[in-house]
Amino acid sequence: MKHTFAKLTPVALACGLAMNPVMAEDKLSVHGQINVSADMVDITPLAGKNNVLGRMQGTELSSNASRFGFSGSLDTTLENTKLIYKADVQYTAVGNNSDGAGEGDTGDGALYMRDAYAGLKHKDLGRVRMGRFTVGYKSSYTKIDPWTDHILQARDKGQQGASNLNSNYFNYAVDYTSPKMNGFQVNAHYSVLADENMDSLHNSGKLKDMAGGSAHGFGVKYFNGGLRLTADTLTIDSENDLGVTGGAGVNNGKAKNGTANKVSARYKFKSTGTSIAGMYEDVTDLNLGENMFAVVTQKVGKYGLLTASIGTNKASDDNAYSQDDDSLHYALGAKYKLTDKSALIAGWNQYERGDAEAMAFTVGIDAKFGY
């Protein structure tokens, strides 16, 4: 009996593990990036100001959304369903990580929590997440701009061809993303705060003052070979609606409750390594104007990439940035792959709005690991 039991025990144990998906191995990924550049800036500011788009005159090292984090998935007791999770922390890769309170300070200047969520992903039914994360509206933009998180990006301060809705994350959020069906994919998101909670719904630029209330969005994406099309809408209904215009239509320079609409398109020519993309975004209802952005990228050899882009934020009575002058942003850039995800970077851009101008050169290293 002892001999028979010894033979059967490993077999029984293996069968038991196979039938219990909760015991499956955690597919954990540790990832991060240290993206640093030297940005050489020449500005012509407006009277009474010493910066344009937050850029100061001179040369400075910049940390371009350097971060570390982890993500993973686990099989669950639900059939064909995985538990998914992610948490990212952004840090400053240059300077002393201090907000001025002293050496080793861990205040606002040191660490910043990026996306953090838990959710479920089903093979045939799609994905549900809860927490703080990139919603479908933002991902439609980040997939077409090769310079996100750098000085050449279209979303810089919401004035180079993409609004603040394309930056950072929505808080207190839940979203659903469907699987692809005949090339189509839909997504929906909802953020809501309790009646007395006046935290920010979103914390980028002019949107960070929009506290309390709710936000929701819906989008459709279509994929077919090298073609990618998107259409998104997003509505903010904040308790702190600061951007309501005053008497005689005076614009107070704040964002306000309303709806944003956006479409984008990209096509990749596999035979030539060329990609063309464009985006149109109407955020006048939120007091953020009207945005247009276009970019062309060209692969050079096995490791090189050249880019050219142009963007504008159009002035109007419904624009907290300017009612009188359109912005114009154009840029040229280059990347050289060091690894699959890391690269040497170099670029130039010019930003203009009325009499204010900012010209910048950037060179640096994007060092990524674990992605």
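Is Phe68 buried, exposed or partly exposed, and what is its relative accessible area? Phe68 is partly exposed, at 41%, where buried means under 20% relative accessible area, exposed over 50%, and partly exposed in between (1.4 Å probe, protein chains only).

Before going on, a word on what you're looking at. This is a predicted model, in which local features need pLDDT of at least 70 and side-chain atom pairs count only at pLDDT 80 or more, while totals for chains, interfaces and linings use all residues. Residues are numbered from 1 along each chain as its sequence is written, and side-chain values use heavy atoms, with hydrogens and water left out.

Phe68 sits in strand S3 (strands are DSSP runs of E, at least two residues, numbered from the N terminus). Together with Leu28, Val30, Ile34, Phe70, Leu111 and Phe369, Phe68 makes a nonpolar surface patch of about 660 Å². Such a patch joins nonpolar side chains within 5 Å, from residues with over 30% relative accessible area and no salt bridge (a side-chain nitrogen of Lys or Arg within 4 Å of a carboxyl oxygen of Asp or Glu). Strands S1 (27–44) and S3 (67–75) each give two or more residues to the patch, and S1 has the largest share, with 3 residues.

Now for the backbone. Most residues other than glycine have a negative phi.

Notes: Patch = residues over 30% accessible without salt bridge, like charges linked within 9 Å, V, L, I, M, F, W, Y side chains within 5 Å. Areas by Shrake-Rupley, 256 points an atom, 1.4 Å probe, with all protein chains shown as cover. Helix = DSSP H or I, 4+ residues; strand = E, 2+ residues; numbered from the N terminus.
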